[in-house]
Amino acid sequence: MRFDFPDPEPATPRGGAPVGYLREMSALEQAAILCLRGWCDSTAKGQIANSFRLSMEPDAAEDAIADLDALMSTAVGAARRPLMRHDLTCRCVGGDECAFAQLMAAAAQQDREEATLFACTLMRGPAAFEVVRLAGSFGPALMRMAHTPATGLSSPSPSAFKH
């Protein structure tokens with residue numbers, strides 16, 4: 001039996017293919033994705049930091065910002081391959097972003113086993129355990145920010161389709 005397949009179109013980088021939309025995710029998962037996108041976009045780091053400052057006391061906000069920085073530095077530095085992400089204003093969620101959001105949601109709820117499973121899909125070896133530890137430390141601040149109205153960290157517009 002012979003199959004004739006058409007010439008392939010350029011493939012979406014592994015981990016970048018859309019798997020859903022931000023609107024389908026919980027507030028915590030949306031916040032995790034927007035933090036990932038914002039931290040990796042140097043022009044948006046200030047917006048992310050201000051969101052924490054608006055949702056908590058000054059010392060707690062600075063601790064959360066430091067925890068986010070440590071988490072993201074470790075996650076990006078120890079990733080099996082570059083973590084794919086969509087544009088900050090994109091309404092789609094890529095595969096890597098979805099796995100990261102699930103990792104953060106599990107860690108924020110202190111479900112280390114579930115968080116470790118997601119971390120292992122994204123990180124190399126022992127770094128997965130360090131990412132889970134850091135995510136567990138950062139998780140409560142992320143939950144607080146995600147559930148505080150008017151933090152300045154807003155969802156992308158439904159009409160935005162930039163990748």
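A salt bridge is counted here wherever a side-chain nitrogen of Lys or Arg lies within 4 Å of a carboxyl oxygen of Asp or Glu, and by this rule the count comes to 4 salt bridges. The model is predicted, so that local features need pLDDT of at least 70 and side-chain atom pairs count only at pLDDT 80 or more, while totals for chains, interfaces and linings use all residues. Residues are numbered from 1 along each chain as its sequence is written, and side-chain values use heavy atoms, with hydrogens and water left out.

One of these salt bridges joins R81 and D96, whose side chains meet at 2.7 Å, N to O. R81 lies in the loop between α3 (58-77) and β2 (92-94), whereas D96 belongs to helix α4, and the pair therefore ties together parts that are 15 residues apart in sequence. D96 is buried at 4% relative accessibility, while R81 is partly exposed at 29%; buried means under 20% relative accessible area, exposed over 50%, and partly exposed in between, with a 1.4 Å probe and protein chains only.

Side chains of opposite charge can pair when their charged atoms come close. Another such pair is E62 with R53, at 2.8 Å from N to O; E62 is partly exposed with a relative accessible area of 38%, and R53 is partly exposed at 39%. R133 and E130 form a salt bridge as well, with their closest N and O atoms 2.7 Å apart. These two residues are 3 residues apart in helix α6 (residues 127-146), which means that about one helical turn separates R133 from E130.

Helix α4, which holds D96, also packs against other helices. Its partner α5 (residues 112-122) meets α4 (residues 95-108) at an angle of about 155°, with the axes 8 Å apart, where axes are lines fitted to C-alpha atoms, for helices over the stretch in contact, and angles run from 0 to 180 degrees between N-to-C directions. The two helices are therefore roughly antiparallel, since angles under 35 degrees count as roughly parallel, over 145 as roughly antiparallel, 65 to 115 as roughly perpendicular and the rest as oblique. In contact, meaning heavy atoms within 4.5 Å, residues of α4 including D96, F100 and L103 meet residues of α5 including E114, F118 and L122. The residues of this contact divide into 9 nonpolar, 2 polar and 2 charged, where Ala, Val, Leu, Ile, Met, Phe, Trp, Tyr, Cys and Pro count as nonpolar, Asp, Glu, Lys and Arg as charged, and the others, Gly among them, as polar.

Helix α1 (residues 27-40) packs with α4 at an angle of about 120°, again with axes 8 Å apart, and α1 and α4 are therefore oblique to each other. Among the residues that meet are L28, I33 and L36 in α1 and F100, M104 and A108 in α4. By class, the contact of α1 with α4 has 9 nonpolar, 1 polar and 3 charged residues.

Strand β2 contains G94, which is buried at 0% relative accessibility. Leaving aside residues up to four places away in sequence, G94 touches G15, G16, A17, P18, V19 and H86. The C-alpha atoms of G94 and L36 are separated by 12 Å, and the two residues are 58 residues apart along the chain.

Note on methods
Helix = DSSP H or I, 4+ residues; strand = E, 2+ residues; numbered from the N terminus.
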